[in-house]
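Open the model in your viewer and keep the sequence panel beside it. This tour tells you what to select at each stop and what is there.

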Amino acid sequence: AYYIVGNDDYIDCNSRNHYLAEPVEIGGYTFVPFEYTPISPFNTARELSEEELEQELNCLHTDDNTVIIAHGPPYGMLDVLLNTGESVGGSSIRNFIIEHSPLAWACGHIHESPGADMLSNTLVVNCTTDYYDSKLCGYIVDLESFDCEEVCI
């Protein structure tokens, strides 16, 4: 198992086992980390403006076997806040996905909107923990069929 950190996560240098800092190839798929999120009202680490997000996204090398392990979701997809009904994902993330068509974009960040859906040819999975239901959840994803199974404890 590999992991990235979120906008308010910090890691101990001694616990970097399986921290996904660089792309890694597993089973013919390339897993690429992307820890940045759009700016929020909380002023946390790894928040960037849309322009800065676009610059960072343009540094990613992708093809149709690339899975982006991200923190932030694309705008308008699995990004709705429960209290306001507002979409808060990144427009630059959405544009990147449509333009570059990675195989999948796995994200978190918006705890109110777990799920899976397609954006153009890319599977988008918000595999966040739904803390409103007091469940620890994740997804098992078949990258060939795009079948997704939510697993909660």
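**Stop 1**

Select Leu20: it is buried, with a relative accessible area of 3%. Buried means under 20% relative accessible area, exposed means over 50%, and partly exposed lies in between (1.4 Å probe, protein chains only). This is a predicted model, in which local features need pLDDT of at least 70 and side-chain atom pairs count only at pLDDT 80 or more, while totals for chains, interfaces and linings use all residues. Residues are numbered from 1 along each chain as its sequence is written, and side-chain values use heavy atoms, with hydrogens and water left out.

Leu20 sits in the segment before strand S1 (24–26). Strands (E, at least two residues) and helices (H or I, at least four) are DSSP runs, numbered from the N terminus.

Now show the contacts of Leu20. Contact means heavy atoms within 4.5 Å. Leaving out residues up to four places away in sequence, Leu20 touches Tyr2, Tyr3, Ile4, Phe31, Val32, Pro33 and Ile69. Leu20 and Glu99 are 79 residues apart in sequence and 24 Å apart in space, C-alpha to C-alpha.

Stay in the segment before S1 and pick Val5. Val5 is buried, at 5% relative accessible area. Draw a distance to Pro33. The two C-alpha atoms are separated by 9.5 Å, and the residues are 28 apart along the chain.

**Stop 2: Ile69**

Go to Ile69, in strand S5 (residues 66–70). Is Ile69 buried or partly exposed? Ile69 is partly exposed, with a relative accessible area of 22%.

Show its contacts. Not counting residues up to four places away in sequence, Ile69 touches Ile4, Leu20, Phe31, Val32, Pro33, Phe34 and Ala106. Then select Asp117. Ile69 and Asp117 are 48 residues apart in sequence, and their C-alpha atoms are 16 Å apart in space.

**Stop 3: Helix H2**

Select residues 91–100, which form helix H2. Which residues of H2 are buried? They are Ser92, Ile93, Phe96 and Ile97. Look down the axis of H2: these buried residues fall within an arc of 140°, so they line one face of the helix. The arc is that of the directions from the helix axis to the C-beta atoms.

What covers the buried residues of H2? The cover includes helix H1 (50–57), strand S6 (104–107), strand S7 (115–119) and strand S8 (122–126).

Asn95 is also in H2. Asn95 is partly exposed, with a relative accessible area of 48%.

Step just past the end of H2. Ser101 takes a positive phi of about 50° there.

**Stop 4: H1 against H2**

Show H1 and H2 together. Their axes come within 8 Å and cross at roughly 30°. That makes H1 roughly parallel to H2. Axes are lines fitted to C-alpha atoms, for helices over the stretch in contact, and angles run from 0 to 180 degrees between N-to-C directions. Angles under 35 degrees count as roughly parallel, over 145 as roughly antiparallel, 65 to 115 as roughly perpendicular and the rest as oblique.

H1 passes H2 in a right-handed crossing.

Glu50, Leu53, Glu54 and Leu57 in H1 meet Ser91, Ser92, Ile93 and Phe96 in H2.

**Stop 5: Two loop residues**

Select His109, in the loop between S6 and S7. Its phi is near 70°, a positive value in a residue other than glycine. His109 counts as buried, at 15% relative accessibility.

Next, take Phe146, in the loop between strand S9 (137–141) and strand S10 (148–152). Phi of Phe146 is near 65°, again positive in a residue other than glycine. Phe146 is partly exposed, with a relative accessible area of 22%.

**Stop 6: The cysteines**

How many disulfides are there in the whole structure? A search finds zero. A disulfide is a pair of cysteine sulfur atoms within 2.5 Å.

Select Cys127. Its closest cysteine sulfur, in Cys107, is 6.6 Å away, too far for a bond. Cys148 is in no disulfide either; the nearest cysteine sulfur, that of Cys127, is 9.7 Å away. Cys127 counts as partly exposed, at 32% relative accessibility. Cys148 also counts as partly exposed, at 30%.

How values were computed: Left-handed = near helix turned anticlockwise from the far one by under 90°.
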